[in-house]
Amino acid sequence: MYIHSVTLDKDRCKGCTNCIKRCPTEAIRVRDGKAKIIKEKCIDCGECVRVCPYHAKIVVTDDTEMMKNYKYKIALPAPSLYGQFKDMTIGDILASLKSCGFDEVFEVAYAADIVSYITRTIVKIKNFKRPIISSACPAIVRLIQQRFPSLIDNILDIMPPVEVAGKIAKDEAKKKTGLNDEEIGVFFISPCAAKVTSVKNPIGIKKSYIDGVFSMHDIYSMILDNRRSRDKSVEHASSMIGVGWANTGGESYGTSLENCLFVDGIQNVINVLEEIELGKLNDIDFFEGLACIGGCVGGPLTVENNFVARNRIMKIKEKLNKEANIKKHLVADYRAFMLNVELKKSDVLNLDDDIDKAIDKMKLIDEIYKNLPGLDCGSCGSPGCRALAEDIVKGYASEYDCIFKLKDRIKILAEEINKLSIKIPPVIGSDKEVKS
Amino acid sequence: MEFDVKARDFSSAGESSSAFRKTLLMLSVPSDIVRRASIAAYEAEMNIVIHSYGGKMHFEIYSDKIVIIAEDTGPGIKDLELAMTEGYSTAPKEVIEMGFGAGMGLPNMKRNADVMDIVNHDENGTKIVMTINI
């Protein structure tokens with residue numbers, strides 16, 4: 001079963017329409033005064049988490065208590081973690097993180113360096129469709145599967161850094177400790193909801209290499225609490241390229257390709273994907289689309305303001321080596337880090353498998369839509385009038401869920417009642433002729 | 001489906017093709033056909049925006065084919081053969097400066113449609129009918 005990380009806290013939800021209107025895949029409806037997420041449509045981008053004024057949208061991450069189930073525990077901090085703290089170097093952050101109960105810390109930024117290295121290698125030897133589309137943001141990959149299926153073939157088939165980090169960390173720990181897979185726990189410190197989901201429901205790989213995902217938010221205060229217990233044994237290996245992945249454009253920079261386009265914010269990404277599909281951007285080599293403004297530093301599970309964090313990452317990068325010293329044995333066979341499960345088109349938008357039936361339904365949607373007010377107010381619980389028309393045809397809603405339609409109908413009924421009320425029965429009023 | 005397309009309205013140009021594309025996705029049309037139809041529709045719509053005095057985009061979807069009809073009022077196409085040549089453009093300078101009118105419109109439409117008929121192209125306007133088989 002598909003497990004989502006974005007869920008609803010019913011007690012907090014007021015049934016307002018903020019989330020339904022912001023969801024890029026129209027995956028939310030309000031029913032019985034509460035928001036309801038349509039699982040099949042949700043891509044876990046976290047837009048609703050950000051926009052909910054009542055904090056009713058929550059991202060379910062793993063409890064740090066789960067670490068107890070493993071003998072050897074490894075933390076995988078996302079590059080965006082480095083931008084969350086004031087006056088702390090990467091070394092300080094990694095050391096504090098290790099003191100939170102981990103045996104080892106493996107930087108996802110270092111895995112990002114490896115992914116950049118592999119990308120540079122394979123774009124030379126493999127004939128990719130242009131523009132090559134980044135596979136790093138799981139929300140965007142899911143968006144493409146749902147709304148831009150013709151671009152699936154353009155997706156770069158390398159695992160995202162977090163999975164590369166998980167795989168390497170586990171393999172190395174097995175060698176080092178002699179423990180088996182089940183005894184080693186690999187935990188990702190995530191800035192975003194989509195990455196939490198992609199561990200439970202992997203994209204392009206059979207099984208995730210990650211055992212648990214902790215929210216950056218939850219780990220933040222633990223790191224601050226441990227900031228004085230500096231453990232010098234943490235090796236910091238990532239470079240300017242790897243750490244740069246935290247910000248939009250970081251991955252593009254790492255590809256060394258000449259003509260890259262990087263876009264953040266899910267609506268902006270949708271607009272550019274439309275242009276790519278129209279063949280208008282065939283001169284672009286690489287397209288990096290990230291759901292969050294600023295990139296991963298803008299993830300819904302981060303703590304620091306994304307612009308502040310972005311700035312810090314820029315400053316941290318300046319002090320690092322341009323490229324990481326990648327251990328040769330790690331990249332000896334890049335195929336180990338390639339996606340190995342075919343990315344498939346999502347059929348969630350289909351009205352009907354039978355095209356004739358689908359066309360009939362579409363006609364009906366058009367007719368219903370024409371008669372709706374077009375205000376897209378959301379009072380019916382659907383994100384707009386068009387979505388309401390679709391919901392009516394699918395049987396999820398009624399025309400009178402539209403408050404204006406209902407008011408019109410009440411007006412007609414009231415007039416009818418008024419007319420009837422004037423008609424007085426002959427026994428008490430009008431002198432009607434009686435024929436024998 | 002029918003949409004009005006205004007001349008020189010670059011800010012809303014492409015909207016009808018975009019709505020058409022969404023509809024195709026909901027009709028379980030295979031993704032490569034969606035892509036071809038979207039490109040053909042978009043180019044036709046842009047032609048109306050750039051070259052005509054305004055017009056209409058009309059879409060018909062059947063179980064075995066998609067028909068796109070682009071009809072405009074406007075100067076028509078003077079030299080059809082030339083207009084079908086890749087890179088040839090009669091778009092005004094300021095339009096080309098905006099990144100449009102690269103002279104790929106008609107050739108692109110022809111490439112993506114299975115059948116393309118230019119029904120009329122006189123001074124009263126142009127009507128193009130494109131069919132894409134599903």
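Helices (H or I, at least four residues) and strands (E, at least two) are DSSP runs, numbered from the N terminus. A:Gln146 lies in helix 5 of chain A. This is a predicted model, in which local features need pLDDT of at least 70 and side-chain atom pairs count only at pLDDT 80 or more, while totals for chains, interfaces and linings use all residues. Residues are numbered from 1 along each chain as its sequence is written, chains are lettered from A and ligands numbered from 1 in the order in which they are written, and side-chain values use heavy atoms, with hydrogens and water left out.

Is A:Gln146 buried or exposed? A:Gln146 is buried, at a relative accessible area of 4%. Buried means under 20% relative accessible area, exposed over 50%, and partly exposed in between (1.4 Å probe, protein chains only). Leaving out residues up to four places away in sequence, A:Gln146 touches several residues, including A:Thr25, A:Glu40 and A:Ser346. Contact here is heavy atoms within 4.5 Å.

Next, helix 7. Seven of the eight residues of helix 7 (residues 193–200) of chain A are buried, so this helix is largely enclosed by the rest of the structure. Among the buried ones are A:Lys195 and A:Thr197. The buried residues of helix 7 pack against elements of chain A that include helix 5 (138–147), helix 6 (161–177) and strand 8 (184–190).

Last, two single residues. A:Asp347 is found in the loop between helix 12 (306–318) and helix 13 (355–370) of chain A, and is partly exposed at 46%. A:Leu375 sits in the loop between helix 13 and helix 14 (385–394) of chain A; A:Leu375 is exposed, with a relative accessible area of 52%.
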